[in-house]
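Me: I have a structure open and would like to go through some of its details. Could we take it step by step?

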Amino acid sequence: MELNRRTVIASAAAAGLAATTLGGTAEATPAGSSKGRKPVKELFGTLADGTKVHRWSLENGGTRLKVLSYGGIVQSLEIPDRRGRYANVSAGFDNLDDYVASSPYFGALIGRYGNRIGKGQFTLDGKSYQLSVNDGDNSLHGGAKGFDKRVWDVEPFTDSSGVGLHLHYTSVDGEMGYPGTLKVKVTYTLTRHGDWIIDYEATTDKATVVNLTSHVYWNLGGEGSGTIEDHELQIAATRYTPTDSGLIPTGELAKVAGTPFDFRHSKPIGRDIRAGHEQQVMAKGFDHNWVLDKGITAKPEHAATLRDPSSGRSLKIATNEPGLQFYSGNFLDGTLTGTSGRVYRQGDALCLETQHFPDAPNHPSFPSTVLRPGQVYRTRTVHTFGS
Ligand code: BGC
């Protein structure tokens, strides 16, 4: 957490949250300290097969996070504005049924492969694989039942790094067409500074491809508060990956200079969103992978800064991944009612997904997403909030 962080904050986890279905949001809010609080678990809902889905509430350094065991979904992420007023800056729903029925990956963990694989096909070590196809001809975000729709085992922790959750999921060999049993561990940590860190870890017993990410839809004015077109965005990237009409990269690493894709210096998202560049017309806005200038790094390095001038809230993203998918909420169409009861329309939230490039398994020139037995997949993304 950067500037102006209040030390007197309300506790999301206070007063022994009563078990409730359908995401009851009633909470006591006594004044507390900015010290971390042990994650608190409550029932959020029950899936059709009887599986119970829990919601974990945690708080540290002034950031409040609520996470579902279903999809590892960030159901709420609250941070203060420049006057200390909290808002949930992550779009989502207040009940499990909507997540199951109609979520465009709100807040979810994405796997095995973030973004698209063309025709859901790839070849690895001479063997061809056919994945679950769920986006026209292509496979998107892991296929029809990706990690966003799986129930994760959640284990809370409090240690010197902060308070957090370990989320475990084992994806069986052949699930959604992917080879190898993939054991995945994702750790969400809230640090004492209020940063939210995601650590992804995976191992496999057969050669496979992996590209894990998080699909939080940000609106720093608060979810349901309207458009993100006034948000200012900076992305540390000189190039991006243009796509075909199915949003599969052509393989070119095109320069952003002189195009609406130039976010090297912070600018309002709305400034060039209607420029009519053919790449924007195909994607109905921004929905592309930016090639981060820093490349793959051993430690997380700066990727992007998002700022909402009216609330003063800001978000900095650092990662060791080489790419960032900026999606300007183009397919939100006024049919979904969000957490606080307001409808989401086009551009009411945006995603900044740290990742390897889409369709990398079919582009030998892109950084490799292959994971082999004996190797450990490890990536980290750090979200730093300010106001
Ligand atoms: C993709 C969009 C897609 C969205 C799903 C984003 O990561 O880039 O094309 O529509 O996820 O809601």
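Me: Is D272 buried, exposed or partly exposed?
Reply: D272 counts as partly exposed, at 22% relative accessibility. Buried means under 20% relative accessible area, exposed over 50%, and partly exposed in between, with a 1.4 Å probe and protein chains only. Please note that this is a predicted model, in which local features need pLDDT of at least 70 and side-chain atom pairs count only at pLDDT 80 or more, while totals for chains, interfaces and linings use all residues. Residues are numbered from 1 along each chain as its sequence is written, and side-chain values use heavy atoms, with hydrogens and water left out.

Me: Which side chain does D272 meet in a salt bridge?
Reply: The partner is K267, at 2.6 Å from N to O. A salt bridge here is a side-chain nitrogen of Lys or Arg within 4 Å of a carboxyl oxygen of Asp or Glu. K267 counts as buried, at 6% relative accessibility.

Me: How many salt bridges does a search of the whole structure find?
Reply: The search finds 14. One of them joins R274 to E229, with the closest N and O atoms 2.9 Å apart. That pair links distant parts of the chain, 45 residues apart: R274 is in the loop between β20 (267-268) and α2 (278-283), and E229 is in the loop between β16 (213-215) and β17 (232-235). Helices (H or I, at least four residues) and strands (E, at least two) are DSSP runs, numbered from the N terminus.

Me: And R274, buried or exposed?
Reply: R274 is exposed, with a relative accessible area of 63%, whereas E229 is buried, at 18%.

Me: What does E232 form a salt bridge with?
Reply: E232 forms one with R307, and the closest N and O atoms are 3.6 Å apart. E232 belongs to strand β17 and R307 to strand β22, so the pair ties together parts 75 residues apart in sequence. E232 is partly exposed, at 24% relative accessibility, and R307 is also partly exposed, at 33%.

Me: In which sense do β22 and β23 pair?
Reply: β22 (residues 301-307) pairs with β23 in the antiparallel sense over six bridges; two strands pair if DSSP finds at least two bridges between them. H302 has A318 in β23 as its bridge partner. The two strands form a hairpin with six residues between them, and G312 in the turn has a positive phi of about 85°.

Me: What about the strand β29, how many bridges join it to β23?
Reply: Six bridges join β23 to β29 (residues 377-386), and these strands run antiparallel. L315 stands opposite F385 in β29. β23 itself (residues 314-319) is mostly covered, with five of its six residues buried.

Me: Changing topic: which residues come nearest to the ligand?
Reply: R116, H215, Y217, D287 and E353 come nearest, of the 13 residues around the ligand. A residue is near a molecule or strand if one of its heavy atoms lies within 4 Å of it. The shell divides into six nonpolar, four polar and three charged residues. Ala, Val, Leu, Ile, Met, Phe, Trp, Tyr, Cys and Pro count as nonpolar, Asp, Glu, Lys and Arg as charged, and the others, Gly among them, as polar.

Me: Where does a polar side-chain atom of E353 lie?
Reply: That atom lies 2.8 Å from an oxygen atom of the ligand. The protein covers 94% of the 310 Å² of accessible area that the ligand has on its own, as given by the Shrake-Rupley method with a 1.4 Å probe.

How values were computed:
A polar contact is a pair of N or O atoms within 3.5 Å; within protein, one must be able to donate a hydrogen and the other to accept it, and residues adjacent in sequence count only if both atoms are side-chain atoms.
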